[in-house]
Amino acid sequence: ETVQPQEYTLIKMEVVPPFTGKLGPLEGKKVFLAAATLRPETMYGQTNAWVLPDGKYGAYEINETDVFIVTERAALNLAYQKFSKVPEQPTCLVELTGYDLIGLPLRSPLSFNEIIYALPMMTILTDKGTGIVTSVPSDAPDDYMALHDLRAKPAFREKFGVKDEWVMPFEIVPIINIPEFGDKAAEKVCMDLKIKSQNEKEKLAEAKRLTYLKGFIDGTMLVGDFVGRKVQEAKPLIRSKLIETGEAIMYSE
Ligand code: A2H
């Protein structure tokens, strides 16, 4: 745990019914994969969601209607932040692993893709955020490389039962311009640094440092309600809007 509390926006990605398999008992409830992000202004560019195949998750009751799929650690933190049906106590309805989540169809706020799918990412940490990550390959180097790995390696898709139509059809949509890196900053920086896969931790750390800093300071929105505005101006406005509409909540740890 870091000393400084980190404030995340939790994006509520709704699992599209009907529910089958282990999710069957949740039929009739509103079930969300809840993803922790520092970049709510990038949600227009979501192409999928990420889960850790071997990660342990649970479906936790947040209130009378909503259920969040997150790690147990996140459910406990949420309960202490008033997001649990029973005060300060998580209630787990179903225990799950990442494998159970791969392939779930999701409706996610602001995304240009009406339906996105939960896919495997091998580098998700279970002691940060919720263990669920939104994927914006135009602007996040980790997301760009994890999607690249799935697209380039049929054996990798096969290993996790990932269907071609969950990863192949969509375009990576430009959503932010960074003068130095163009309209798909993550792609450009990953290519410049010659990153080969999601496992190249040091190079990816450098790619993230470059894009995160420049994006925040020099980035301009290419899409959405705040098109033409600077990223640093748009970020709090988009975050507030997502929270007002009930599509996201604030979460800290
Ligand atoms: B960010 P920090 Cl467009 N394991 O969201 C690994 N990564 C995780 C995670 C976990 N358990 N939980 C959250 N994250 C990711 C968007 C984004 C993000 C963009 C660009 C950069 C970026 C779309 N993915 O993060 O260590 C989430 O991805 C750059 C670091 O708390 C979250 O924001 O600073 C970010 O890492 C939180 O990382």
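1. Leaving aside neighbours within four places in sequence, Ile 238 is in contact with Pro 40, Glu 41 and Phe 226. Contact means that two C-beta atoms, placed from the backbone, lie within 7 Å. Ile 238 and Pro 40 are 198 residues apart in sequence, yet their C-alpha atoms are 6.7 Å apart in space.

2. On provenance: this is a predicted model, in which local features need pLDDT of at least 70, side-chain atom pairs count only at pLDDT 80 or more, and totals for chains, interfaces and linings use all residues. Residues are numbered from 1 along each chain as its sequence is written.

3. Ile 238 sits in helix H8, residues 231-244. Ile 238 counts as buried because 26 C-beta neighbours lie inside 10 Å. The cut-offs are 20 or more other C-beta atoms within 10 Å for buried, 12 or fewer for exposed, and partly exposed in between, with C-beta atoms placed from the backbone. Of the 253 residues of the protein chain, 44% count as buried.

4. The protein chain has eight helices and 12 strands. These are DSSP runs numbered from the N terminus: helices are H or I with at least four residues, strands are E with at least two.

5. Around the ligand there are 20 residues, and Thr 37, Thr 42, Gly 129, Asp 139 and Ala 140 come nearest. A residue is near if its C-beta atom, placed from the backbone, lies within 6 Å of the molecule. Strand S2 (30-37), strand S9 (132-135) and helix H7 (201-218) each give two or more residues to this shell. S9 has the largest share, three residues.

6. By class, the shell around the ligand holds eight nonpolar, seven polar and five charged residues. Nonpolar covers Ala, Val, Leu, Ile, Met, Phe, Trp, Tyr, Cys and Pro; charged covers Asp, Glu, Lys and Arg; the others, Gly among them, are polar.

7. Helix H3 (residues 141-152) packs on H7 at about 130 degrees, with the axes 9 Å apart. That angle makes H3 oblique to H7. Angles under 35 degrees are roughly parallel, over 145 roughly antiparallel, 65 to 115 roughly perpendicular, and the rest oblique. H3 brings Pro 141, Asp 142 and Met 145 to the contact; H7 brings Leu 204, Ala 207, Lys 208 and Thr 211.

8. On overall shape, the C-alpha atoms fill a box of roughly 50 × 40 × 35 Å along the principal axes. Residues 24 or more positions apart make up 70% of the chain's contacts with a separation of 6 or more.

Technical notes. Axes are lines fitted to C-alpha atoms, for helices over the stretch in contact, and angles run from 0 to 180 degrees between N-to-C directions.
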